[in-house]
Amino acid sequence: MESNRQVWEKASQKHVREYDDLLRQAREGGSLLPRERTVLRPALIAEPAVVHLQSGHGLDDVDLIRSGARSVVGVDFSRVATSAAQRRADELGLACRYVVAELPGAPLATGCADLVYTGKGALIWMPDLTPWAQDAARLLRPGGHLFIYESHPAVPLWSWDADQPRIRPDRSYFAHSFVNDSFPADGAVEWQWTLGEIVTALVTAGLSLVHLSEHPEPFWRPQDDTDAAAWHGRLPNTFMLLARRPG
Ligand SMILES: C[S@@+](CC[C@H](N)C(=O)[O-])C[C@H]1O[C@@H](n2cnc3c(N)ncnc32)[C@H](O)[C@@H]1O
């Protein structure tokens, strides 16, 4: 965990280097994808207090506020990422507050959130899903929702070959971890969770499944001209999940 934190602290300098570009992107909007907006719409109409776990650059928070959220509290263990996100939110006059903390174990009150939002490269940094799911459920008020838009657990298997997708010989769907070789790299260890493990962790934490869908588009692409055949519609690259705390 500590070595991953150090890698992320260094990688998050990107948010500082590219501050002006991210500010422009924030002003333009579009970080929250149409598909996310569709599933989130009923929750956003109620002007929720949102907690964003692993908030990273925080661009989603700008869209969440503009789509109806009353407030967003972002939690991330990178001081660099949270301070860049706070600076931008302040500049735009948005009701976003950023907290530096390691997850799971958000230093926020039980039941403080109408909506917990997370994903886009979040679950893979959790070495144990049970406390993560319990923490997300704890933050929700009864009737509140957890939303995840995340890389599909099968993604580590896909090669980035341009002619056709291949299964990487060094990966297994059922492995526990591997060393990240894209971003942030630098020796960061990613954890693997199957879709079954993710759903079971949430149900065991007392949440009810409302929506689960799998999608061909990746949420992230490298900033070069890589265009993998695995991203062309035949394979799952993302999933979206909505769960509700009963009551
Ligand atoms: C790929 S980024 C995604 C974040 C966000 N969804 C976004 O789109 O920017 C992953 C984030 O998780 C944070 N992170 C990783 N492990 C963490 C942990 N155990 N506790 C808190 N934050 C963590 C990193 O600092 C990083 O900002």
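1. Strands β2 (residues 71–76) and β3 (residues 96–100) pair in the parallel sense over five bridges; pairing requires that DSSP finds at least two bridges between two strands. Within this pair, V73 stands opposite R97 in β3. From β2 the chain passes through helix α6 (residues 79–92) to β3, a right-handed β-α-β crossover, that is, clockwise from the first strand over the helix to the second with the strands pointing away from the viewer. Helices (H or I, at least four residues) and strands (E, at least two) are DSSP runs, numbered from the N terminus.

2. The model is predicted: local features need pLDDT of at least 70, side-chain atom pairs count only at pLDDT 80 or more, and totals for chains, interfaces and linings use all residues. Residues are numbered from 1 along each chain as its sequence is written.

3. Helix α5 (residues 59–66) is mostly covered, with seven of its eight residues buried (20 or more other C-beta atoms within 10 Å of a residue's own, C-beta atoms being placed from the backbone). The buried residues are L59, D60, D61, V62, D63, L64 and I65. They pack against α3 (19–28), β1 (49–53), β2, α6, β3 and β4 (113–119), contact being C-beta atoms, placed from the backbone, within 7 Å. After α5 comes G68, with a positive phi near 130°.

4. Around the ligand there are 19 residues, of which Q54, G56, F77, G121 and W125 come nearest; the criterion is a C-beta atom, placed from the backbone, within 6 Å of the molecule.

5. An unreviewed UniProt entry annotates residues 52–144 as "domain: Methyltransferase"; such annotations may be inferred rather than shown by experiment. The end C-alpha atoms of residues 52–144 lie 14 Å apart, and the span is 35% helix and 27% strand.

Note on methods: Buried ≥ 20, exposed ≤ 12 C-beta atoms within 10 Å, placed from the backbone. Contact = placed C-beta atoms within 7 Å.
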